[in-house]
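Please read the following walk through one protein model with the sequence and the 3D view side by side.

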Amino acid sequence: MAGSSYGFLDGTGTTAKFRYPTDVAVDASGNIYVADSYNHRIRKITPDGVVTTLAGSGYTGSTDATGILARFNYPSGVAADNNGNVYVADKNNSRIRKISSAGVVTTLAGSSYGYYDGTGTDAKFRYPMDVAVDGSGTVFVADQNNHLIRKILADGTVTTLAGSGSSGNTNGTGTEASFYSPGGVDVDDNGIVYVADVNNHRIRKISVSGVVTTIAGNTPGFADGTGTQALFYEPYGIAAFGTSHLYVGDYSNQRIRSISLDSTGVTTEEVVFAIAGGSSSYNIAASTANNGSSTGGINLSGTGFISDNSYLLKVSFDQGNTWNSIAAATATAGTFQGSGIFSSNTSGNVQLDIAHSTLSIMAQWPGNDGTITMRVSDSTETFFFPNSSGQQFVLDLTRPIISYASIQSNNANNTSYAKIDDNITVSFLSTEMLSNTILPISGNINGNTISVTGSGTSWSASSTVSSIDPEGIATFEVSYYDVNGNAGGATLTSTTDASTVIVDKTAPTASNVTILSSNDNNTQATTGDTIKVSLTSNEALSSLSDVKIAGQTISASNIVSTTNTSWNFWYVIQGGEPDGNVDFTFTANDIAGNGTTVNTPNSGSVSFSANPKILWVTSTNYNGSYNAGNVIGITVHFIESVYVTGTPQLTLETGSPDAVVGYTSGSGTNTLRFDYTVSESDSSVDLSYTSGNALALNGSSIQDSAGNNAVLTLPEPGSVYSLSYNKNIIIDNVVPVVTSVSSNQSNGTFNINDYMYIYVHFNESIYVTGTPKLELAVQNGEDSTNTINYYSKSGTIVKFRYQVASGDTTNELDYTSSTALTLNNGTIKDAAGNPAILTLPVPGTTNSLGANRDIVIDGIAPVVISVTSSTDDGIYKINDDIIVDIQFSQPVSVSGTPVINLQTGGADYGKAYYSSGSNTNKLTFIYNVSSGHSSSDLEYINHSNALYGAIRDPAYNDAIRDLPELGSQNSLAGSSAIIIDGIIPTVTGITSTSIDSTYKIGDIIDIQVNFSEAIEVTGTPQLTLETGNTDAVVDCISGAGGSDSLIFTYTIANGHSSIDLDYTDTTALDLNGGTIKDVARNPANLILFSPDSTGSLAANKAIVVDGIVPVATSVSFVSNNTYNPSLACSGNLVTISLVMSEAIQTPSATIGGNDVTITGSNTNWIITRTMTSLDVSGSVGFTFDFIDLAGNSGDQITSTT
């Protein structure tokens, strides 16, 4: 009817253009009103397709005005009443607007985004999406983001008709109900309100009493049907057709839907389809089960049918894309006529049996797998049961097949064997998913009931071996069904990988168990002899476990099998075993893990006895150094318990003479103790006895319980098991002394915070407790010494840590005297506990710190004396350079680029960067003024952290970067007067000193451009105004001399026109060869606000320019003479009809030089006069003088067109 492409253009039919029209309304005369959302306009289309703009300027806003002077912000909904008024849901303004029949736009209700019931602009909405109006002028609003339906009376009073304000889909009365982003609303002739509840996917109804119900829709989707069986997907638009039908814009389904209100809620038909045999899927059993009088298939049960009506039964095999009539069915209630047609019995009941053979011969039958969907409809296929999508069943006529099967046990030795309490598991894969619920997987393994785990196509069946299981290869039977109830192709009884599990419940037996000794007499054994046990089993063994001889566990390397039934193991007698018969034990394990324990031989025996011998010698003391008076316990360990009479002796290697130590204790155990007290003359780097014969009886005895004399040979000194091998005991009676003092640092100069270690070297390893101190000769002010603390020790070195402090100084670092090292209540001892002698080499002599190192300490840091500028006092603009000098107390060097942070306004500091002066007392920095910088007296940001960068003296001490206090004599501001002006003047607004009005040709309008600060002007800047076909370029007439605004004078010329005067664009202000600068000579930023935006001329003023001279587009002059309208005689009425190019004020006119009667308005005027006998015969002349509404005079009209 109208529109062609995206854009804006009034015109007829497809010449017109729209931008996202979102809603329409029709009045009683057939005019269509359009919410042209992205054009921010309300458009009108006459019945013959002529499109005009009813209201809206095309710019966003909320201005109430007439016609195109009004503004909207994405209007989304419209409605028309019976009095010529149009109502608008002005969505982004959160307002409801009213357009009168004269085109006057007012705000009926709403002001800002929110929620509030009230009158007029006191009320608030959140994105009102749609409006509807009833016959009494009451407006209904779909308040989308408030999830409410609002009601507005003619006087602007807003109330909440329905909805809680929270999203939901509850039915109820008024605010008990809930909606979810309602997007469409309409009201029928009875006052019932209908709502398109977008995010609930429902169509809701609000009765006159405010009761909310759901008349259609449920979850998102698409289905035709009755009530909640019908499905929608984000319905947005809704329209009531009288009281019989609703039409719905089903947005995300891309459909226009119809709802019959006459049938809503009165349909009684109910249909249930069931699979033969009661299965939920159409499986093999369902295809053969008894289906009433049929074999297999589907049964239809229906109630509530109209007995005189015919219904259609159809099936789909492609999920509802195509539907096919059922050719045959057996009716046990009702009548089936063929071709899908059936009717109910007189009670409204239907029972139909559709046989498998009927379905499977249809051309569309999918084969063994797919879907079957059944539905019933009325004969015209308008209503569907259960709905238009039908009732769907899975079709599966394929039996599952086992593609892989394997069996194994959890036996720890071999998963191909199982013993009692082992689990046997059959694992299998099927060609399709199996069920284990309604028709569970079942069966047995070796007659034991299985337990089943798994999912999908992968399953396991298990059972536990018990005492009643038969021995041999395990058997199994497993029955299974797919998820649709089809039994497997065959019971699972074998594996696919040839795996088996053998059940073995019987333990092995051992025979020919023999024990022998390697001694010439194989029934006797002494120390060093080998005891061997041999056996034969009745079946193959996997291992021997818990194997022991003489109570000693036999290592795996001493257990061997010559065949899998012949085994032997052995043990070498150590001498400490108990005398008498040698015992043994072992467990023989078969492949299944069954075990038999044996500890009695079938033949042979071995008896053992021996003299006790020494195994090893050690000490009860810790490894370490010991000195005179310390007691060291020496222990001698025998292979068995021994008994002592008298006092045996042990000779130790302790220098000259050797120490002879007497027996102390241990008789009746296998350990004898000898206590050694260290003498002052004793010495040893690793204490041991003198030789392997160092243990002597000294007239005593050492025997075992059988009276066997002990063998007294000791492990050779230093060999395995000897005292010196097992322990590291040092006998030390030597006092440690200082040998020299040095440092970890090389020669050189060290500055503040440098640290070094002072090393005090001793003649042996020492141990430190507490915090010894070392006094250094370092000057700091009046102090000439610096005492440093012990830090750590390493072997023979004691370390002291020294860190250079501010003010420390010395030309050669050394300690104060030979007694500078003090214990400070600590200790310095050697490992044996001997206290060290602390005397140091005399300072400056050989081995002193000063002699070993040439270390200079310089802890004096450079400081700032003053900050000045060599730049002249004055005002500086963007890109000007300013020199800043910093004077230090001593020469400094620079690395990198130090910087000074300056106070220049705003969050970003001005920065003065280092330029020159390294290795002198003065550093020079340069600051370049940047845009935005400003200061009335240039200064750094503060005195403590304004200066950054690496600045050091020759000793590499970092300079103290504190600057003079702000404003002090030596500060930058205190020594100079430098003003920074880096602020570019900008346009702050464009307005006019002329009042808001309409102006004509020759009128003068002053345009004022305001700046952010005072400016100076040279030349004649110009401003280009948007004035129609020819834009006006106007000159600046004032603004020099420090004013913050420019005045441009605009004289309206013929042809100029604007409905709201503004400049052309943001670059409309042009220098025209002149300049606009601030006092600091910064050029102004001439960018203007976007036309029609805040700050612009159009936004600040409402000036209409009418420079169009009115003309007559049509002039006719006729008489009412009966015979000829071009002739007039006395008494005839002559009439001049004029159509003007625009509305004009009341004109003046004459006919034949005489006064006339003038009627008309706007652009259409009628001039009449009755001719008299006094009129002169001949051509009748006339004059017509006129002025348009702006005051522009048109040329006098004296002739017709």
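Predicted model: local features only at pLDDT ≥ 70, side-chain atom pairs only at ≥ 80, totals over all residues.

Residues are numbered from 1 along each chain as its sequence is written, and side-chain values use heavy atoms, with hydrogens and water left out.

A search of the whole structure finds 22 aromatic pairs, where rings of Phe, Tyr and Trp (its six-membered ring) pair if their centres lie within 6.5 Å, and planes under 30 degrees apart count as stacked, over 60 as edge-to-face and the rest as tilted. One of them joins Tyr-38 and Tyr-74, whose ring centres are 5.0 Å apart with planes at 80°, so this pair is edge-to-face. Because Tyr-38 lies in the loop between β3 (32–36) and β4 (41–45), and Tyr-74 in the loop between β5 (50–55) and β6 (75–80), the pair ties together parts that are 36 residues apart in sequence; strands here are DSSP runs (E, at least two residues), numbered from the N terminus. Tyr-38 is partly exposed, with a relative accessible area of 40%, and Tyr-74 is partly exposed as well, at 26%, where buried means under 20% relative accessible area, exposed over 50% and partly exposed in between (1.4 Å probe, protein chains only). The pair of Phe-1184 and Phe-1186 is tilted, at 5.5 Å centre to centre and 35° between the planes, and both of these residues are buried. Tyr-38 and Tyr-74 also belong to one aromatic cluster with Tyr-6 and Tyr-20.

Charges meet rings too. The charged end of Arg-41 sits over the ring of Phe-8, 3.5 Å from its centre, and that of Lys-91 sits over the ring of Tyr-127, 5.7 Å from its centre; the term requires NZ of Lys or CZ of Arg within 6 Å of the ring centre and within 35 degrees of the ring normal.

Next come the sheets, in which two strands pair if DSSP finds at least two bridges between them. An open sheet of 3 strands has the order β70-β79-β76, with mixed pairing. Here β70 (748–750) and β76 (809–810) stand at the edges, each with a single partner strand, so one side of each is left without a neighbour in the sheet. Strand β79 (residues 855–858) runs parallel to β70 and is joined to it by 3 bridges, with Ile-855 of β79 as the bridge partner of Gly-748.

Another open sheet has 3 strands in the order β40-β39-β44, with antiparallel pairing.

Methods. Helix = DSSP H or I, 4+ residues; strand = E, 2+ residues; numbered from the N terminus.
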